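Here is a briefing on a predicted model. Look through the sequence and the structure, then read the points by topic.

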Amino acid sequence: MASPTKELVKTSNLTKTYPDGTHALTGVDFSVTKGEIHGLLGENGAGKTTLSKILSGILKPTSGEIYIKGNLVRMKRPSDALGLGIGMVHQHFALVRPFSAFENIVLGTDLNPTGERAKEAKASIADLAKGVGLQVTLDSPVESLALGAQQRVEILKMLYRNVDILILDEPTSSLTIKETGELFKSLLKLKEEGKCVIFITHKLREVMDFCDSITVLRQGKVTGRISKSEASPITLATMMVGRTVEFELKRSPMTPGEEVFTIDNLTLLDREGKEVVKDLSLKVRRGEIFGIAGVEGNGQTELAEAIAGIRRIAKGSIRLKGTETGGKSSSVIRRHGAGLIPEDRRQMGLILEMNLDENVILGKQRDLQFRGSLTSIAWRKVRQFTSDLMKKFEITAKGPESPARSLSGGNQQKVVVSRELSSDPDFIVAAQPTRGLDVAATEYIRKLLLDSRGGGKAVLLISAELDEILQLSDQIGVMYEGRLIGVGAAETMSRERIGLLMGGIVA
Amino acid sequence: MKLPLIGGGRVLAPLEESAFAALMGFFFGGILLVVLGYNPILTYYYMFYGGLGSLSNVTDMLGNAAPLILTALTFAVGVRAGLFNIGAEGQVYVGAGGAIYASYYFLPAGIHLGFALVLAGAAGALMAVPTYLLKAYRGVNEVITTIMLNWTAYFGVLWVAIVLLADPARPEKTISVAPTSRFPDFLLGSVSTSALLFAIAVAAAFYVYLWLTPSGYELRSVGLNPEAARFSGINPRKPLLSALLLGGASAGLAGAVQVAGRTTPFALYTGLSNVLNYGYNGIGVALIGRNHPLGIIVAGLFFGTLQAGFSTVQLYARVPFEIIQVIEGIIIFTVAAPELYRRFRGSLKK
């Protein structure tokens with residue numbers, strides 16, 4: 001065996017460009033040594049997942065080299081990575097739910113789970129599990145296990161394949177506090193055995209507590225690599241959120257008016273009954289943009305869904321202009337004066353196969369303004385409406401008959417936003433409104449939101465893009481593990497402070 | 001605005017594409033015929049002669065097309081709502097039963113036919129209700145419920161035909177449909193022409209519903225993107241109910257057309273032999289017609305022609321029935337292939 005300081009994994013000048021032109025990684029030099037827990041830290045879209053997918057053979061790099069245990073390797077598929085001793089546990093588990101834990105662990109190996117050698121294998125897995133403290137009832141079907149136990153099955157699956165480099169993608173995001181503690185105990189044991197763990201996260205506290213060294217990624221580049229002794233939450237937060245302002249937008253001073261939108265003590269549950277939004281309260285006033293920052297997956301999606309009326313509310317209330325809208329349908333909420341911009345325009349905002357005429361009336365198909373004779377839709381009136389929107393919002397498309405699919409991302413988003421603004425709402429929720437858009441479209445959409453604020457509307461902006469939050473918001477709060485923390489006026493919130501809050505550290 | 005016709009803006013215009021696909025089907029079918037030692041030209045000649053060669057052949061063909069158009073609408077409106085509804089088969093049986101049952105009442109001509117059609121449509125729609133309830137409230141896949149309901153309907157109507165509607169003088173069939181509740185002779189001295197016109201009118205109504213009403217728009221939205229539809233405030237259960245009820249009614253009407261709109265026997269045979277397979281063949285017609293009501297009219301006539309040619313090909317070209325079915329299958333498959341590809345390429349990739 002090589003000396004303990006030898007680099008188990010090393011990448012040199014690793015670059016990944018996706019076919020659509022996104023630069024996910026640019027010149028990444030990354031290395032992990034034997035027997036360490038290495039934190040990989042970054043915001044959404046920083047390239048953490050891309051890097052880990054390359055290391056586990058799921059994606060191929062566009063250029064650059066990967067060295068495993070000192071040897072240059074080229075991996076074509078995940079089995080190549082497994083052969084080299086690299087195993088990854090994904091955030092969303094890859095388990096066959098009705099199969100037992102044991103069957104899942106041996107799945108894909110040449111062991112027959114009902115064959116002669118099964119008993120031995122089971123005993124050795126049980127030993128293995130005991131040795132590192134990953135207790136699992138091997139004969140229970142995976143679907144009957146808690147999420148923490150399912151994760152242990154995933155880790156055992158990798159250990160059974162003798163990996164010595166274990167990659168964990170956001171492993172604590174679905175765990176309870178107790179389960180998280182147990183996981184870290186096991187990881188420390190693995191470390192003692194000489195394995196190395198690459199730990200992908202955005203939670204600063206976990207990185208500070210458990211990692212020996214840390215690499216920070218931002219926008220596909222390595223912005224820092226430091227050992228635990230040098231790291232402090234503030235330095236990590238700065239490396240993570242950086243300072244990049246692409247363009248300036250003018251924000252005129254506004255005096256906010258009366259309260260339009262209120263959430264009181266809102267609690268939401270996921271399918272397993274876990275709280276994904278916890279006791280959340282906020283107020284948005286006229287002429288004000290309330291920005292909710294935070295790393296994705298901390299309850300923002302669920303919050304937006306509840307506001308839009310497509311998610312059941314467990315506790316609490318949502319009021320729009322004094323009327324309770326919690327639990328009402330989207331059409332009722334819109335009629336009360338809300339404009340709803342969903343985070344996934346292609347899945348929720350548009351019907352891609354339909355043309356623009358059909359898309360601009362989605363949700364307005366029963367409006368009197370489009371009514372023809374009897375109860376029919378007067379497509380001629382719709383056509384006029386589409387042309388007006390296209391002109392007013394500078395939507396570039398072949399024509400109103402083009403299918404929404406044929407438009408660029410920016411124009412698709414303009415269709416969604418124009419539709420929602422066309423009913424002159426008093427309150428607008430915009431979830432991740434500029435995700436994946438180019439600079440020009442981003443600027444245009446942000447300007448529209450500022451104009452709405454100027455027009456006396458109340459705007460709730462939910463964005464993982466810190467620049468966007470800082471550019472637009474009058475009030476800022478950060479979502480972390482389902483809670484809204486550190487709410488305050490924008491002037492009082494520094495980039496570093498928000499970065500710390502995003503990592504779960506309330507300064 | 002220009003009314004949305006079939007497809008649009010693709011490399012080949014839909015009609016050209018279908019014609020080309022049909023030619024390919026005839027070509028490959030021809031190769032098979034040659035390999036098996038039959039004369040393809042003679043076979044195709046009689047295939048079309050059987051459907052178009054004489055006046056009675058044409059009316060026979062039209063009589064074939066009418067129920068096929070109606071059952072194709074059932075499948076098509078399901079696809080438009082995102083369903084794979086294969087319940088037309090059983091709904092045809094109950095529709096036929098309902099139309100015959102109407103003959104127990106004495107009503108003036110015209111009104112009587114209307115009454116029979118209402119009963120048939122209602123019976124077909126009722127047959128779709130369990131599918132709706134199980135899908136909307138228990139999430140049961142419609143393919144499973146409709147297959148099971150097809151068998152329920154088969155044995156149920158079999159029993160009704162033997163016990164309740166039996167013709168005391170003729171054990172092989174039910175009572176005949178009263179002359180007042182038959183489709184009227186229209187063109188060419190045949191009831192089939194008015195039955196076909198009725199089917200075309202129903203197809204036109206489906207077209208208007210799907211493309212010109214808010215409710216039809218909601219149905220199509222849910223079919224294309226249920227998430228976006230829900231986010232826009234559409235309750236997905238409503239389009240589900242509409243698609244299943246309208247589809248059921250249309251298939252029920254196909255049953256009525258089959259017993260009240262064809263020259264013989266104006267009744268159900270007790271083995272239900274004269275109403276079998278119209279529901280399943282309607283799926284093929286819907287695919288050929290690209291699940292579009294207007295395309296389905298053309299596809300129904302095409303399919304009706306092929307089917308009407310069966311007996312003449314056997315008789316004059318001496319090609320066995322089984323081979324003709326294979327040839328027909330090849331042609332239908334090639335014509336339906338572009339639509340199948342478009343519908344299901346997404347699900348294959350996933």
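**Domains, sheet and chain contact**

Chain A is assigned two domains, domain 1 (7-241) and domain 2 (259-502); such bounds come from an automatic or database domain assignment. This is a predicted model, where local features need pLDDT of at least 70, side-chain atom pairs count only at pLDDT 80 or more, and totals for chains, interfaces and linings use all residues. Residues are numbered from 1 along each chain as its sequence is written, while chains are lettered from A and ligands numbered from 1 in the order in which they are written.

**Domain contact in chain A**

- The C-alpha centres of domain 1 and domain 2 of chain A are 35 Å apart.
- Their contact (C-beta atoms, placed from the backbone, within 7 Å) takes 11 residues from domain 1 and 10 residues from domain 2 of chain A.
- Helix 8 (residues 233-241) of chain A gives the largest share of the domain 1 side, 6 residues. Helices (H or I, at least four residues) and strands (E, at least two) are DSSP runs, numbered from the N terminus.
- That domain 1 side has 6 nonpolar, 4 polar and 1 charged residues. Nonpolar covers Ala, Val, Leu, Ile, Met, Phe, Trp, Tyr, Cys and Pro; charged covers Asp, Glu, Lys and Arg; the others, Gly among them, are polar.

**Sheet of chain A**

- An open, mixed sheet of 6 strands runs in the order 6-7-8-3-9-10 in chain A. Strands pair if DSSP finds at least two bridges between them.
- Strand 6 (86-89) and strand 10 (221-227) of chain A are the edges, each pairing on one side only.
- From one strand to the next, the twist averages 20 degrees.
- Strand 3 (residues 37-41) and strand 9 (residues 213-218) of chain A pair in the parallel sense over 4 bridges. A:Leu40 has A:Thr215 in strand 9 of chain A as its bridge partner.

**Helix pair in chain B**

- Helix 1 (residues 14-35) and helix 2 (residues 40-52) of chain B pack at about 125 degrees, with axes 9 Å apart. Axes are lines fitted to C-alpha atoms, for helices over the stretch in contact, and angles run from 0 to 180 degrees between N-to-C directions.
- Helix 1 and helix 2 of chain B are therefore oblique to each other. Under 35 degrees is roughly parallel, over 145 roughly antiparallel, 65 to 115 roughly perpendicular, and the rest oblique.

**Contact between chains**

- Chain B contributes 16 residues and chain A 25 residues.
- Helix 8 of chain B supplies the largest share of the chain B side, 5 residues.

Notes:
Two residues are in contact if their C-beta atoms, placed from the backbone, lie within 7 Å.
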